[in-house]
Amino acid sequence: MIGAEIAKADGWISFARFMELALYAPGLGYYAAGARKFGAAGDFITAPEISPMFGQCLARAIADTVRATNGDVLELGPGSGKLACDVLRELDTIDALPKRYLLLEVSADLRQRQQQAIAQLPAHLAALAHWIDALPENFDGAIIANEVLDVVPVHLLTFLGGWIFERGVVVEENGNFKWRDVPALPKSLVEPVARIQSGFANNMPPDGYLTEVAPAVDGLVASLAKMLRRGCLLLVDYGFRRAEFYHESRRSGTLMCHYRHFAHTDPFYLPGLQDITAHVDFSSVAEAAIAQGLELIGYTSQAQFLLQAGITELMAGHDPAHAASYLPITNQAQRLLSPAEMGEFFKVIGFSRGDVSVPALAMARPLPL
Ligand SMILES: C[S@@+](CC[C@H](N)C(=O)[O-])C[C@H]1O[C@@H](n2cnc3c(N)ncnc32)[C@H](O)[C@@H]1O
């Protein structure tokens, strides 16, 4: 199917198109088809799958905004639906339920899984969930997304002999996929590439430098920002600010594939059966949101964010004398917070429009952007 698309496109497609097909082609793409994906039996594990405390903290972080706007919550890419369930339960506990909990999911298979998860909630919470097919025109409330930006298709670039090439995909005679670099850049990449170049002496990264650029991430963030009338936007993902992302020493980019908890760098291995991801350039995310008039309210590590959002209070609600229930909680907290696990690797970036506050972000130690 990807091969047919390449043939139709005169033998070459960009890596962004390859990634889009491998992840989202109806019926065949990794997120479109029925593989298990999340959790111990899947290919990777995300923070909401590790612990309900992640969603509880996120709920506490957005509670003020939900109350102040009397609005909705919108979750992008809700995966198994676990985060939605945890957020709704906690918002109920702290008396900050939204008018509606909107879920935007591009995968029909995952949407079905989310519906099954939400159906297990008490009826008054399940009744708040609504699946939407496109972003609303205007939105008041809180928008959240965990690990969504890293699965948005990226373009690959290589810098060789003073020239810039886009790396794309061709099919060999034996039917295997193969890389092919072409010297012409599409218009959509000219500006992002110029931003990368400006960080290097003589505007040129070292010879052989391979990296990614994600105009579709900027486009998605701009669309979210544009529709946000009053409220906040919180995005959680792994990545860096631009100076770190496009650092001289990061010569082979950040592309990563996940298959049954095995992480590797070959996107041609079992296309459609493995996840393909790239780190997020948070400077670019910030620029896209600010250009739409949003205010940047914080950029910090997941650990700092969860600590400010009250993870230690949540832990204190469990009795240390009950080892059977307390030990899993400490183990979960360690995975979410430890710098050796998710704590520093994952970042939270937050924006707002109008008179709303996200105290958990305002008080967290900010990272330089
Ligand atoms: C790595 S999973 C993360 C799932 C979940 N948020 C979690 O933390 O477990 C990525 C999710 O984003 C969805 N997704 C990807 N691109 C999207 C887009 N443009 N809009 C909405 N959802 C998207 C995928 O289908 C999937 O549900």
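Good morning. The model is predicted, so local features need pLDDT of at least 70 and side-chain atom pairs count only at pLDDT 80 or more, while totals for chains, interfaces and linings use all residues. Residues are numbered from 1 along each chain as its sequence is written, and side-chain values use heavy atoms, with hydrogens and water left out.

Let's start with the open spaces. A pocket, on a 1 Å grid over the protein atoms alone, is an open set of points with protein on both sides within 12 Å along at least five of seven lines; a cavity is a set where a 1.4 Å probe fits but cannot get out. Lining residues have an atom within 4 Å of a point. Points are joined across faces, edges and corners, and a volume is the space filled by probe spheres set on them.

The largest pocket holds about 670 Å³. It has 36 lining residues, and Tyr24, Gly77, Val106, Val148 and Val151 are the closest to its centre. Elements giving two or more residues to this lining include α2 (15-24), β2 (72-76) and α9 (215-227). Helices here are DSSP runs of H or I with at least four residues, strands are runs of E with at least two, and both are numbered from the N terminus. By type, the lining of the largest pocket has 20 nonpolar, seven polar and nine charged residues. Nonpolar means Ala, Val, Leu, Ile, Met, Phe, Trp, Tyr, Cys and Pro; charged means Asp, Glu, Lys and Arg; the others, Gly among them, are polar.

The second largest pocket comes to about 440 Å³. Its lining has 20 residues, with Phe44, Ile45, His258, Phe345 and Phe346 nearest the centre. That lining splits into ten nonpolar, four polar and six charged.

Now the ligand. Asparagine 146 puts a side-chain N or O atom 2.7 Å from a ligand oxygen. Glycine 79 has a polar backbone atom 3.3 Å from an oxygen of the ligand. Tyrosine 24 has a polar side-chain atom 3.5 Å from a ligand nitrogen.

The largest cavity has about 160 Å³. Of its 18 lining residues, Val213, Ala214, Tyr246, Asp281 and Ser284 are closest to the centre. Eleven of the lining residues are nonpolar, two polar and five charged.

Look at serine 284. It sits in helix α11 (residues 282-290). Is serine 284 buried or exposed? Buried, because its relative accessibility is 7%. The cut-offs are under 20% for buried and over 50% for exposed, with partly exposed in between (1.4 Å probe, protein chains only). Its side chain makes a polar contact with the side chain of aspartate 218, at 3.0 Å. A polar contact is a pair of N or O atoms within 3.5 Å; within protein, one must be able to donate a hydrogen and the other to accept it, and residues adjacent in sequence count only if both atoms are side-chain atoms. Leaving aside neighbours within four places in sequence, serine 284 contacts Arg195, Asp218 and Arg242 (heavy atoms within 4.5 Å).

Last, the backbone. Most residues other than glycine have a negative phi. Aspartate 10 has a positive phi of about 60°. It lies in the loop between α1 (2-8) and β1 (13-14), and is exposed at 76%. Arginine 260 has a positive phi of about 50°. Arginine 260 is in the loop between β11 (256-259) and β12 (262-264).
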